[in-house]
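Here is a short note on the model, point by point. Please keep the structure open while you read.

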Amino acid sequence: MSVMDSVRQLKVQRYEDFVDRCLKPDLVRAIAERDKVFESQKVFSDLRKSIQTLEKNAATSLRTLVNLGSEVYMQADVPDTRHIFVDVGLGFHVEFTWSEALEFISVKEARLAKQIDEYTHLIASIKVQIKMVCEGIQELLQLAAS
């Protein structure tokens with residue numbers, strides 16, 4: 001094995017390590033973060049639909065099941081549905097009227113959609129970087145074969 005071949009092998013190994021240790025974990029992390037935002041978006045979409053259903057049916061009281069955790073449910077009576085508490089983040093819940101809640105949800109959904117776009121662009125960028133490094137590795141291997 002010539003000195004050039006060993007230098008080429010070392011470069012290939014470094015590029016492969018960069019992909020495995022940096023780019024792939026970054027990609028997995030970005031996809032997981034985007035999935036969390038998708039989940040949050042679904043929660044707010046479901047809440048919006050529930051409020052719209054309450055408005056449409058002019059429901060002022062409600063009987064429902066509440067998940068206490070570990071899939072244990074309890075029946076709950078809501079005597080006045082005109083005011084609801086919405087988790088606004090950091091463990092804080094704010095009391096809203098239906099219209100206030102819908103306005104908050106609209107703003108929140110727009111922010112979540114922007115976050116999803118940002119994560120999608122980041123994911124695409126990382127995938128391009130991985131592809132470019134892999135193509136660089138392929139070129140180095142082709143040079144070695146020549």
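1. Start with glutamate 109. Glutamate 109 counts as buried, at 16% relative accessibility. Buried means under 20% relative accessible area, exposed means over 50%, and partly exposed lies in between (1.4 Å probe, protein chains only). The side chains of arginine 48 and glutamate 109 meet in a salt bridge, at 3.2 Å from N to O. Arginine 48 lies in helix α1 and glutamate 109 in helix α2 (residues 98-145), so this pair ties together parts that are 61 residues apart in sequence. Arginine 48 is partly exposed, at 24%.

2. Some ground rules. This is a predicted model: local features need pLDDT of at least 70, side-chain atom pairs count only at pLDDT 80 or more, and totals for chains, interfaces and linings use all residues. Residues are numbered from 1 along each chain as its sequence is written, and side-chain values use heavy atoms, with hydrogens and water left out. Helices (H or I, at least four residues) and strands (E, at least two) are DSSP runs, numbered from the N terminus.

3. How many salt bridges are there? The count comes to 9. A salt bridge here is a side-chain nitrogen of Lys or Arg within 4 Å of a carboxyl oxygen of Asp or Glu. One of them joins aspartate 5 and arginine 8, at 3.2 Å from N to O. Both residues lie in helix α1, 3 residues apart, about one turn of the helix. Aspartate 5 is partly exposed, at 27%, whereas arginine 8 is buried, at 16%.

4. Aspartate 80 is partly exposed, at 32% relative accessibility. Arginine 82 is also partly exposed, at 48%.

5. Aspartate 80 also lines the largest pocket, and other lining residues include Leu47, Thr64 and His83. A pocket is an open set of points on a 1 Å grid over the protein atoms alone, where a 1.4 Å probe fits, with protein on both sides within 12 Å along at least five of seven lines; lining residues have an atom within 4 Å of a point. The elements giving two or more residues to this lining are α1 (3-57), β1 and β3 (83-89). Helix α1 gives the most, with 4 residues.

6. Leu47 lines the second largest pocket as well, among them Phe44, Phe85 and His93. Here β3 gives the most to the lining, with 4 residues.
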